[in-house]
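Colleague: I have the coordinates open and would like to go through the side-chain contacts with you. Can you bring up the model, and we start with the charged residues?

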Amino acid sequence: MSNKEKENALLDSEYEHVPVPIEHRKSFASVSAVWYSFPLVLTSAVIGGVVTAMLGFKMGVTAILVGNLLLCLVIGSLSYLAGKTGENFAISAKKTFGQRGYIAVSGLLATVVIGWFALMVGLTGDTMFRSFGQNLLLMTILGGVLYVGATFIGIKALAFLGYIAAPMYLILGIISVVIAMKNGSSDIINYQPAAGAGVLSFGVAVTMIFSTFTDSGTMTADFTRWAKNGKQGFLAAFTAFPISKFFAEVIGAIIVATGVVLHPEVTGGDFITILANASPLLSILAIIFVFVNLGVGCTHCLYNGAVGWSHITKGKMRTLTIILGVIGIIVAVTGIWNAFQTWLNLLGLIVPPIAAIIIMDQLVLKRKNDESKNWQPLAFISWILASGIALIVNAYAPELSVVVAGLISSSLIYLIGHNFTK
């Protein structure tokens, strides 16, 4: 085998600009590994723990379930479309938002996920520093370089990483639960909100659960376009939402409910400290786990960003991986990633309407849009109005679910607009 053939065997085409040909689609196991490993990250345990700390175990787990079922509905629908067409998010968005209009949508999401990439690279160094006393700068750079390298290989690396990361999370998560129940309370069912934990409504809790995957979830087509058909695309998403994400968040909920976490309303169910203090062997495994686990989130976000921007710029996914990866690492090293998490969450409020509009347009109504048009006004009007409603709900009625408000309002506005314009 020549060197060029070896390179091609490792670096398959990522089909940035065209649908994935049916003969190059991946197995269901491979596509689902990309998705079910993504929610099995420490941030899921943190969010699940925070919700439980503020609502109690029963209400917390209920909010976790409802949020995941909403994700299943939205991401599952988009994944069905992607498996059916083989199109990535940018190509799919062109049909609904127009040949130029899609740039606003795809560019926004592709930028937001790079923000999350930078945040998680910074979190890698921060976790290694706080939990194991390692050099903050060195660990941040090391993590960033490893994550960029894995993303550069492409979708097959994401699947391979998923095969490792998912069982590792399950094993270490369960071990952490056992240790927590041994050192704390085993009466987790009757756990009530921690004193001074603050007030959290059920609607806000559902929004928190949903929002953690609003961005990459809306861009699910980048992953599930590799499925052999629509059914496998949906089922691949189903392995993540509600299955693996629910499990990941419930682990955090149980750890908080045992009472071993000092400030659960802040740190949630982050179980790295539990492992780091348990034994030398678990401490070593925890170090490996930090890089593998956060690596899953980083590679997925960087892949989304690189595929999106490569289509917008008519470039190559791997070239954009390096460019965007370097930018993300610089942002992480400077430490400013701490400052923009609130902004990323705020942007997440205007993303769900995008998903709902695409689903209404292509799956429910099956509108026959003129795909040569640069802009599709109805899609943008619906997005702007629904985003405004979501932001108003967030500002004046935060006890309600902003996500639900955005999804319902965008669907109804688009439906009404369709009936007026058809």
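Modeller: Before anything else, this is a predicted model.

Colleague: Which residue forms a salt bridge with Lys-245?

Modeller: The partner is Glu-249, and the closest N and O atoms of the two are 2.4 Å apart. Glu-249 also has a relative accessibility of 0%, so this residue counts as buried as well.

Colleague: And where do Glu-249 and Lys-245 lie?

Modeller: Both are in helix α12, where they are four residues apart, about one turn of the helix.

Colleague: How many salt bridges does the count come to?

Modeller: The count comes to seven. One of them joins the side chains of Glu-87 and Lys-95, at 3.1 Å from N to O, and Glu-87 counts as buried because its relative accessibility is 10%. Another joins the side chains of Asp-12 and Lys-26, at 3.6 Å from N to O.

Colleague: Switching to rings, how many aromatic pairs does the structure hold?

Modeller: It holds 17 aromatic pairs. Take Trp-35 and Phe-38: their ring centres are 5.5 Å apart and their planes are at 25 degrees, so this pair is stacked, the cut-off being under 30 degrees. Trp-35 and Phe-38 are both buried.

Colleague: What about Phe-97 and Phe-380, stacked or edge-to-face?

Modeller: That pair is edge-to-face, with 5.3 Å from centre to centre and 80 degrees between the planes. Phe-97 belongs to helix α5 (residues 89–97) and Phe-380 to helix α19 (residues 377–396), so the pair ties together parts that are 283 residues apart in sequence. Phe-97 and Phe-380 are both buried.

Colleague: Which residues do ring pairs link into a cluster?

Modeller: The cluster consists of Trp-35, Phe-38, Phe-213, Phe-223, Phe-241 and Tyr-303. Elsewhere among the rings, Arg-318 lies over the face of Phe-152, at 6.0 Å from the ring centre.

Colleague: Now helix α9 (residues 202–211): why is it described as largely enclosed by the rest of the structure?

Modeller: Seven of its ten residues are buried, so the rest of the structure largely encloses the helix. The buried residues of α9 are Gly-203, Ala-205, Val-206, Thr-207, Ile-209, Phe-210 and Ser-211.

Colleague: What do the buried residues of α9 pack against?

Modeller: They pack against α3 (42–55), α4 (57–85), α10 (214–218), α12 (230–257), α18 (352–364) and α20 (402–421). Among these, α12 is the helix that holds Glu-249 and Lys-245.

Colleague: Last topic, the cysteines: how many disulfides does the structure hold?

Modeller: The structure holds zero disulfides. Cys-301 is in no disulfide, and the nearest cysteine sulfur, which belongs to Cys-298, is 7.1 Å away.

Colleague: Is Cys-301 buried or exposed?

Modeller: Its relative accessibility is 5%, so Cys-301 counts as buried. Cys-72 counts as buried too, because its relative accessibility is 12%.

Key: Residues numbered from 1 in each chain as written. Predicted model: local features only at pLDDT ≥ 70, side-chain atom pairs only at ≥ 80, totals over all residues. Heavy atoms only, no water. Phe/Tyr/Trp six-rings, centres within 6.5 Å; stacked < 30°, edge-to-face > 60°. Buried < 20%, exposed > 50% of the residue type's maximum accessible area, 1.4 Å probe, protein only. Helix = DSSP H or I, 4+ residues; strand = E, 2+ residues; numbered from the N terminus. Lys NZ or Arg CZ within 6 Å of the ring centre and 35° of its normal. Contact = heavy atoms within 4.5 Å. Disulfide = S-S within 2.5 Å. Salt bridge = Lys/Arg side-chain N within 4 Å of Asp/Glu carboxyl O.
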